[in-house]
Amino acid sequence: MSTYLIRRLSYMLLILLAASFLIFALYALTPGDFISGNIKLTPERKAELRMIYGLDQPLLDRYLTWMGNALRGDFGISLAQQKPVLTLFQDYIWNSFLLAAVSTFFTWLLAVVIGVLAAYRQYSWFDSLVMVLIFAAMSIPSFFIGLFLIKIFAVDLHWLPPGGMTTTGSNAEGWAYVLEVADHMALPAAVMTLLGLGSLTRYFRSNMIDVIKQDYIRTARAKGLPERKVLFTHALRNALLPAITLVGFELPALFGGSLIIESIFNWPGIGQLYMKSFGLRDYPLLMGFTMFIAVLTVVGTLLSDLLYRIADPRVNL
Amino acid sequence: MEALLDIRELQTHFQTEAGVLRAVDGVSLRVREGETVCIVGESGCGKSMTAMSVLGLVEGPSGKVAGGEVRFGGRDLLRMSRQELRTLRGHELSMIFQEPMSSLNPVLTIGRQIAEPLREHLRLGRKEAMRRAVELIREVGISRPEQIADAYPHELSGGMLQRVMIAIAVSCKPKLLIADEPTTALDVTIQAQILDLLRGLQAKSGMALLLITHDLGVVAEMADYVIVMYAGKVVEEGEVERLFREPRHPYTQGLLRSKPVLGQVREELYSIPGQVPNPLELGAGCAFADRCEFAMDRCRRQEPPLAPVGSDQQAACWLHGKEG
C-alpha cells in the first residue's frame with residue numbers, strides 16, 4: 001500500500017511537471033498578450049511594460065521563473081485585477097464550488113434513483129419515458145435552457161431572481177443570507193443538474209441492467225430477500241462500483257466552475273472570471289487556473305483509485 | 001401421505017420472436033418429506049426451469065409460468081402473492097445453483113451473506129445472526145469459520161463457495177432443498193465431497209432434496225426416485241433401482257448406455273444419435289421420435305402419454321402403451 005502510494009505520488013509529480021510546461025508553452029505561444037491588446041499604449045510604452053513584466057525574456061527562462069515561484073506557492077499577480085492570483089481564486093472558487101456541489105449532489109441522487117428504477121422496469125412505459133426525457137435534456141444546449149428558464153421563472157412569473165448570487169444592495173446576514181443565496185441558486189443549479197442528469201442516468205441504468213442479470217442477484221432473490229434489499233443492497237453496490245471512476249472526474253468539475261452557466265446567470269464564480277480573463281489575456285490568472293485544474297484532475301484520479309480499494313474488496317493496491 | 005412438493009401439469013413458457021417456447025410442458029412430479037428426487041436430462045430439457053418455476057424465479061417479462069399447480073405443504077405456490085412466496089423462499093424452500101463462483105455477491109462478506117436469510121426469516125439480531133453464520137460455516141465443513149465469515153467470495157475456492165451456498169440454503173432449516181446441478185462446475189474430487197455434505201445434512205435435518213443433474217453417476221449415488229425429462233416433458237420416472245435396471249423409455253435406455261462403466265472396455269462410448277429438437281419446432285408426435293431406433297408411424301402422429309409400466313415406474317412411450 002505505502003509503496004503503491006509512493007509510486008503513485010511520484011508519477012503524479014512527473015505528470016504535473018509535464019502539464020505545467022505544456023500549459024505554460026500553450027499560453028506563451030498564443031498570439032497577443034495583456035499589453036498588445038491595449039491600443040492606448042505607444043509602442044515605446046509597450047516595450048517598457050514588457051520589460052517590466054519580463055515578457056522579453058526567452059520562453060524557458062520565463063517558465064523557470066513562473067515554475068519556481070509556483071512551487072513556493074506564488075502564482076503571480078493578475079494583470080487585469082492587480083491582485084494575487086491565489087487571492088482571486090479564494091474569492092471566486094467557493095461560489096463555484098457551492099453551485100457545483102449542490103447540483104452534483106442532486107444529479108447523482110436523481111441519476112441513481114431514476115437509473116435503478118428504469119433498469120428494474122426495463123422497457124416499461126416508465127423506462128421509455130425516462131429515456132425520451134433524458135435525450136431531450138441532453139440535446140438542448142445549456143444557454144438555451146438557461147435563458148428559457150429565466151424567461152419563464154424570473155421574467156414572466158417573478159418567482160425567482162434572474163441572476164447574481166445576492167440581491168443587489170442587500171445586506172442580509174445569517175439565515176436570511178442563506179435563503180437569499182438559495183433563492184438565487186435555484187435556477188442555475190437546476191440547469192446544471194438537468195444537463196448532467198442525462199448521461200449519468202443512462203450510465204447507472206446500463207450498469208444496473210448488467211448487474212440485475214448476475215447470478216448473485218438470483219441468489220439474493222432465492223434467499224427470500226425483499227426486492228428493496230435485492231436492488232439497493234445487492235445490486236446497487238455493484239452497479240455503483242464503476243461509477244467511482246467518475247468521482248475522480250467530478251473533483252475538477254466541482255472547483256472548476258462552469259463557463260456558460262455562470263455567465264448566463266451572472267454567478268460570481270471562477271468560470272466567469274476565467275472567461276473575462278481570457279478576453280483580457282490575463283495570463284498569470286489563466287495559467288494558475290489551468291494548473292489548478294490539472295492538479296485536481298490528478299488528485300481526483302488518485303482519489304478514485306483509493307476509493308476502489310475501499311469499496312471493492314477484490315481491488316488490492 | 002400427501003407429498004411435500006406436488007407439481008401438476010406445470011407449464012412454463014417463454015415469449016420469443018419465433019413464437020412461444022414451452023420450456024416446461026405439462027410436468028408433474030412429487031417429492032415426499034425427506035426423500036431425494038433427481039431430475040435428469042440433457043441441457044435445455046427444462047429441468048432447471050421447472051425448479052425456477054417452483055421458486056417463482058422465472059425471469060420476466062418474456063418468461064412466465066403459464067399453467068399448472070405447484071403445491072408445497074398443501075398450499076399452491078403459483079397462486080400465492082409475491083410477498084407470501086418470498087417469505088417461503090430461503091426459509092422452507094431453498095435453492096442452490098450451478099455456478100458457485102458467480103452466485104455470491106462479490107462485495108459482501110461471506111458471513112453477511114449467510115446471515116441475511118437468518119435476519120430476514122428468523123428475525124435474528126445482527127450479532128446472533130453472525131454467530132449462527134459462523135456455526136453454519138463450520139457445519140458445512142469449512143475450517144477457520146471465523147476468518148471465512150469475514151472473507152469475500154473471491155478469496156475462496158469453488159468448492160468452498162458451493163459449501164457456503166449450501167450453508168445459506170440450509171440456514172433456516174428448509175423442508176425442501178432444490179439443488180440445480182450443484183456439482184457440475186466443480187472438479188471431480190470436490191463433487192463427491194459436496195454430495196456427501198448434502199447427504200449428511202439431509203440425514204441430520206430430514207429435509208427433502210430435489211436434485212437436478214445431467215450426471216447419471218450423481219443420480220445413482222443420491223436418488224430415491226428419478227424423473228427423466230426430454231424437451232420439456234417427463235418421459236420416464238421410477239424408483240431408482242428399477243429405473244436403472246429396467247429402463248423402459250428408449251431415451252432413458254440411451255442415456256444409460258452412454259454412461260461409461262468402470263472396468264468395461266469399449267472402443268467408443270455410445271451416444272444417442274441426432275440432437276435435441278428445437279423446442280419451437282416440435283410436432284404433434286413424440287419429441288424423441290426422430291432419434292429413436294424403435295420409432296413407429298404412430299410415434300410421429302400422436303404423442304404418447306405417461307403411463308404406468310409395472311409398479312413404481314411410468315414411461316411415455318408407445319412401446320409400452322395399451323394397444324389401439
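1. Ala, Val, Leu, Ile, Met, Phe, Trp, Tyr, Cys and Pro count as nonpolar, Asp, Glu, Lys and Arg as charged, and the others, Gly among them, as polar. On that scheme, the lining of the largest pocket has 15 nonpolar, eight polar and ten charged residues. Keep in mind that this is a predicted model.

2. The pocket itself. The largest pocket holds about 1200 Å³ of space. Its lining counts 33 residues. Closest to the pocket centre are Arg221(A), Val58(B), Glu59(B), Gly60(B) and Arg82(B). From chain A, helices H4 (85–120), H7 (174–212) and H8 (215–222) each give two or more residues to the lining. The largest share belongs to H2(B), with four residues.

3. Helix H5 of chain A. This helix covers residues 125–139, 15 residues in total. From first C-alpha to last it reaches 21 Å, close to the 21 Å expected at 1.5 Å a residue. Which of its residues are buried? They are Asp127(A), Val130(A), Met131(A), Ile134(A) and Ala137(A). These five sit on the same side of H5(A), because they cover an arc of only 130° around the axis. The general rule behind such a pattern: an α-helix has 3.6 residues a turn, so residues three or four places apart point the same way.

4. The other face of that helix. Turned away from the buried side of H5(A) are the exposed residues Trp125(A), Val132(A), Leu133(A) and Ser139(A). The cover over the buried residues of H5(A) includes H4 and H7 of chain A.

5. His184(A). This residue is found in helix H7 of chain A. Is His184(A) buried or exposed? It counts as buried, because its relative accessibility is 6% and the cut-off is under 20%. Beyond its neighbours within four places in sequence, His184(A) is in contact with Pro161(A), Gly163(A), Gly164(A), Met165(A), Thr166(A), Thr167(A) and Trp267(A).

6. Two arginines with positive phi in chain B. Arg123(B) has a phi of about 60°, although it is not a glycine. It lies in the loop between helix H4 (110–121) and helix H5 (126–139) of chain B. At 64% relative accessibility, Arg123(B) counts as exposed. Arg144(B) has a positive phi of about 50° and is not a glycine either. Its place is the loop between H5 and helix H6 (145–150) of chain B. Arg144(B) is partly exposed, at a relative accessible area of 47%.

7. Leu88(B). Helix H2 of chain B contains Leu88(B). Its relative accessible area is 3%, so Leu88(B) is buried. Apart from residues up to four places away in sequence, Leu88(B) touches Phe72(B), Arg75(B), Leu77(B), Met80(B) and Leu93(B).

8. Cys38(B). Strand E3 (residues 36–40) of chain B holds Cys38(B). It is buried, with a relative accessible area of 0%. Not counting residues up to four places away in sequence, Cys38(B) touches Leu211(B), Val219(B), Ala223(B), Tyr225(B), Val226(B) and Ile227(B). Cys38(B) and Asp76(B), 38 residues apart in sequence, are 22 Å apart in space, C-alpha to C-alpha.

Methods
Residues numbered from 1 in each chain as written. Chains lettered and ligands numbered in written order. Predicted model: local features only at pLDDT ≥ 70, side-chain atom pairs only at ≥ 80, totals over all residues. Heavy atoms only, no water. 1 Å grid on protein atoms, 1.4 Å probe; cavity = no way out; pocket = protein on both sides within 12 Å on 5 of 7 lines; lining within 4 Å. Points joined across faces, edges and corners; volume = space filled by probe spheres on them. Expected span 1.5 Å × (residues − 1). Buried < 20%, exposed > 50% of the residue type's maximum accessible area, 1.4 Å probe, protein only. Arc of directions from axis to C-beta. Contact = heavy atoms within 4.5 Å.
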